[in-house]
Amino acid sequence: MARRTILNCVLLMVLGGSVWSATIYNEWRGTAGTSDWNTPANWNYGYVPKIVLGADNIRAGFKGNMAVWPVITDTTVPAAEAYNISLGGTAGGTLTIDSGNLNVGQYLFMGVSSGENGTFNINGGTVTTGTFTPSNAHFMIGQAGTGTVNMTGGTVNLTANGATGDLRLAYTSTATGKLNLNGGIIYANNLLMPFAAAGALDISGGTLVLNGDQMAAVAALGGKIIAYHGAGTVQVDYNVTNAGKTTVRGHLAVPEPTNPSPTNNANQVPLETDLSWTAGDGAITHDVYFGTVSPGTFQGNQTITTFDPGTLEYATTYYWRIDERAAGDVVTTGPVWSFSTITGQAINPSPESGSVNVSVNATLSWTGVAGATSRDVYFGTTSPGALQGNQTATTFDPGTLLPNTTYYWRVDEIIDGTPITGNVWSFTTGGLTAYNPSPANAATGVVLNKTLTWSAGASAVSHDVYFGTTSPGTFRGNQAAAMFDPGVLAENTKYYWRIDECDSGDNVTTGTVWSFTTGVSPQVNPYLTWRSDPTTSIMVNWWNPVSTGDSSVDYGLTSSYGSTATVATVTHFHHVELTNLTPATTYHYRIRSSDGTVGPDNTFTTVTVNDTTFSFMVFGDPRGGDGSYAANAMYHNRHRALVNWMLAQNTDFALQTGDIVWEGAILTSDPATKVTVEDYYTTFFDIEKEFSRTKVIMPTMGNHEVQPGGRDYTYYYDMYEGANPANGPAGNRGRIYSFNYGNAHFVCLSSFQISLTSQASWLATDLAVAAADSNIKWIIVFMHAPCYTTDTERPNRTDEIAAWSPLFEQYGVDLVFAGHNHFYERSYSIVNGEVVDHGDGPIYITSGAGGASFNTGSVNPLFATWHGGETLAVKVTINGSYMTVDAIPNSTGVPVDAFQLTPPLLDGDFNEDGTVDTLDLDIFTGNWLETGIWP
């Protein structure tokens with residue numbers, strides 16, 4: 001590298017690496033026709049949002065004119081969750097939670113952008129934000145558009161587990177926000193309403209709790225907070241209702257009673273229950289009505305707000321009313337409430353009523369009624385069963401049952417000597433043979449790593465397993481588990497299997513012969529990268545757009561493998577790092593996944609420690625050149641020819657300078673766009689498969705992989721965030737990194753999305769470490785858009801030059817590679833925008849002739865040459881302290897440009913071997929003694 005002597009003292013700031021998970025924007029479509037959050041078909045990409053540390057973190061979006069919007073209830077299993085949630089779109093987006101839980105990894109937005117609007121209805125349940133990033137747990141009602149929250153119950157917690165989420169209404173000048181807090185409770189760190197209108201927060205029965213003493217801050221909001229639509233008063237206290245917190249509520253003078261207990265329409269109310277209520281404003285005494293007919297019989301007037309109705313009857317509906325009497329004997333008639341008492345019947349039968357395939361050795365159980373002294377048990381093959389006797393236990397053993405038989409049973413609870421007739425339950429026993437095979441009998445297209453499972457026969461304690469390619473299969477042994485792993489199966493092959501059931505008396509029941517036919521392994525193509533030390537590790541990556549599964553790589557010194565690395569996360573995007581490998585060693589490997597993928601045998605070779613003799617290729621812009629997939633065949637063919645030629649050159653690895661596909665980002669929420677993007681990536685990995693499955697290609701992100709408008713999701717993150725080194729600045733999502741190979745240091749920068757100056761801060765630290773490393777002789781940087789270029793239509797990136805080139809010059813960067821412009825060009829050595837002696841400054845090379853439509857360069861005093869009109873790659877060969885660079889079209893194999901670099905000589909390096917040592921001292925002293933001339 002140029003200028004290895006650094007006179008300044010450099011403070012090295014060690015930046016800790018972070019693990020960042022991919023973030024996917026997944027939009028609600030409602031295409032399943034239901035409001036179920038956890039139905040994959042309701043989501044744009046066919047999978048439900050989730051929050052998984054270190055894996056895919058999926059954002060949920062709601063916008064458009066859907067016929068069905070999601071409703072979250074306590075039957076939503078598992079709890080609804082998403083990394084972030086936004087409700088918007090010009091047609092509006094709506095989300096409702098009636099019960100259950102909604103967990104949000106970071107923030108929840110309504111009306112994200114100007115012109116968008118979103119509505120969130122909270123009727124019950126719990127909404128928790130900041131479960132992934134506690135410092136970004138904000139609840140935003142009108143971020144830049146219009147947001148509305150209608151809350152009648154439940155809890156919104158922005159401060160759970162140490163989160164510091166703010167409640168924000170109308171947060172920007174274009175925003176409108178309205179929170180109708182008619183019930184429930186919101187916990188927040190702060191209340192911020194910078195552009196809210198009068199009455200933006202209407203508290204009518206709900207409660208807002210803020211951290212710390214915020215009495216003055218709430219008072220300063222004035223008329224932005226109202227109570228009961230302006231008819232009530234806003235009440236605020238600190239450290240009274242909630243210790244150490246500010247509580248904001250609304251108050252409305254209500255003369256009628258409220259808060260009945262039991263609640264209105266309650267069920268399963270115990271027989272010994274007192275009634276209670278909250279007195280209406282101004283009430284002095286209360287007229288109590290109670291009975292089995294609405295509104296109840298007058299029970300008298302009293303001053304207390306409780307009433308003891310005595311012992312109630314089972315399975316009875318009661319009605320009651322409280323009329324409030326105020327001063328002057330003014331009477332306010334209250335609402336009629338009702339509740340129903342417990343039935344007195346046994347519940348929770350096991351087996352559940354209607355169960356099938358029940359074991360012939362089943363024991364019956366149920367939940368009895370509190371207060372029951374015993375119970376009568378009925379059981380038999382006709383309803384309701386014959387009386388089996390009276391007992392105190394809540395279990396009953398009917399003995400060994402008949403297979404394939406329906407049984408009926410009933411439990412009458414005895415309370416105060418009186419039997420309470422129970423419900424009649426039933427179940428059906430299973431047969432003695434195994435059943436419910438998986439794969440199903442005669443199934444086709446079965447994956448090659450399928451584990452066989454079945455349901456055990458009614459009396460089975462173990463299973464004789466038969467499996468093979470001829471009926472009924474070969475005996476594979478007796479086992480207790482109802483599953484069998486046959487190993488990796490052959491493609492397009494018919495298999496037979498049978499399970500014979502063995503009972504406790506060693507009796508064997510011969511099973512049915514089942515069969516299935518395998519399909520072919522999903523056609524996925526692994527691609528290799530480095531994330532850690534290339535001498536002892538490698539990343540094996542692959543993408544399966546069709547299905548999801550876990551990630552496993554079998555590897556070893558032969559095709560028998562012997563070792564396996566597994567990542568259990570279920571995903572489309574697979575990244576498995578093999579570690580503790582032996583340097584300079586060829587390994588065999590095979591990819592596998594629970595989605596059915598079983599790849600062929602491949603090989604890779606680890607790097608020699610302190611390697612000083614190696615070569616690599618640099619190419620870029622293999623993408624197509626037109627806006628339709630079908631029109632890109634010509635460009636794909638050029639790319640394929642170039643990559644296959646590069647493989648034949650047997651270099652050690654390659655750098656790729658961006659724009660890998662024509663369309664590499666999700667451009668809209670239209671599912672058709674996703675399909676188009678996946679077509680391009682499928683073709684890309686198929687074209688490069690022969691190279692990428694055996695040799696490493698280290699990529700950089702191009703503008704065709706960038707999400708338009710700065711939006712957050714592109715496929716590039718999924719493909720490469722988990723594949724590339726994680727030593728870049730925090731949050732860079734695989735776009736910025738560095739690695740060492742032999743005596744060279746490589747740095748990848750991002751021309752897009754991330755601030756160039758923030759990258760420069762990281763770059764300075766990274767280059768300082770490399771420049772101070774005596775083992776590093778060369779420093780090479782690559783990105784997508786070139787700093788300097790001869791292309792007048794896509795000219796110099798002056799922002800890159802300003803942010804990065806001074807660092808390239810300061811720390812002795814030798815080569816700076818880019819793509820973007822579809823030709824080859826090489827600058828002279830450049831320092832401060834001017835040509836200097838060869839090797840005294842960075843040389844800027846554009847290698848963008850990877851297959852896309854060709855561009856044209858021009859004469860430029862900073863450049864030695866440019867070449868266009870054909871695909872080529874740059875081959876860099878390092879031999880210790882010498883570097884040879886050749887730009888070679890694959891069609892001829894003859895370089896169109898070539899040059900050499902040697903490191904600048906150090907002071908005192910008289911024998912020009914790149915180091916100052918005793919050999920140089922001998923030359924120095926010999927020359928001085930012989931000539932008397934000080935060198």
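Analyst: A charge sits over a ring if NZ of Lys or CZ of Arg is within 6 Å of the ring centre and within 35 degrees of the ring normal. By that rule, the charged end of Arg733 sits over the ring of Tyr717, 4.2 Å from its centre. Bear in mind that this is a predicted model.

User: And Arg410, which ring does its charged end sit over?

Analyst: That of Tyr378, with 4.4 Å to the ring centre.

User: Rings with rings, then. How many aromatic pairs does the count come to?

Analyst: The count comes to 56 aromatic pairs. Phe808 and Tyr844 make a tilted pair, because their ring centres are 6.5 Å apart and their planes are at 50°, between the limits of 30 and 60 degrees.

User: Where in the chain are Phe808 and Tyr844?

Analyst: Phe808 is in helix H6 (residues 798-810) and Tyr844 is in strand E64 (residues 843-847).

User: Which residues form an aromatic cluster?

Analyst: One cluster is made of Tyr527, Trp543, Phe573, Tyr681, Phe684, Phe685, Tyr715, Tyr716 and Tyr720.

User: Back to H6. What span does it reach, and what is expected?

Analyst: H6 has 13 residues and reaches 18 Å from its first C-alpha to its last, close to the expected 18 Å. There is a kink of about 45° at Trp804, shortly before the proline Pro806. Just after H6, Gly812 takes a positive phi of about 75°.

User: Which residues of H6 are buried, and what do they pack against?

Analyst: The buried residues are Glu800, Ile801, Ala803, Trp804, Ser805, Leu807, Phe808 and Glu809. They pack against helix H5 (756-771) and strands E60 (778-782), E61 (815-818), E62 (824-831) and E64.

User: What about positive phi in a residue other than glycine?

Analyst: Asn404 has phi near 50°, in the loop between strand E35 (395-396) and strand E36 (406-415). Ala442 has phi near 70° and is in the loop between strand E39 (435-438) and strand E40 (443-446).

User: Why do Asn404 and Ala442 count as exposed?

Analyst: The cut-off for exposed is over 50% relative accessible area. Asn404 is at 60%, so it counts as exposed. Ala442 is at 52%, so it is exposed too.

User: Last one, cysteines. How many disulfides does a search of the whole structure find?

Analyst: The search finds zero disulfides. For Cys748, the nearest cysteine sulfur is that of Cys787, 13 Å away, whereas a disulfide needs the sulfur atoms within 2.5 Å.

User: Is Cys748 buried or exposed, and what about Cys502?

Analyst: Cys748 counts as buried, at 0% relative accessibility. Cys502 has a relative accessible area of 9%, which is under the 20% limit, so it is buried as well.

Definitions and conventions: Residues numbered from 1 in each chain as written. Predicted model: local features only at pLDDT ≥ 70, side-chain atom pairs only at ≥ 80, totals over all residues. Heavy atoms only, no water. Phe/Tyr/Trp six-rings, centres within 6.5 Å; stacked < 30°, edge-to-face > 60°. Helix = DSSP H or I, 4+ residues; strand = E, 2+ residues; numbered from the N terminus. Expected span 1.5 Å × (residues − 1). Bend = angle between axes of the 7 residues up to and from the residue. Buried < 20%, exposed > 50% of the residue type's maximum accessible area, 1.4 Å probe, protein only. Contact = heavy atoms within 4.5 Å.
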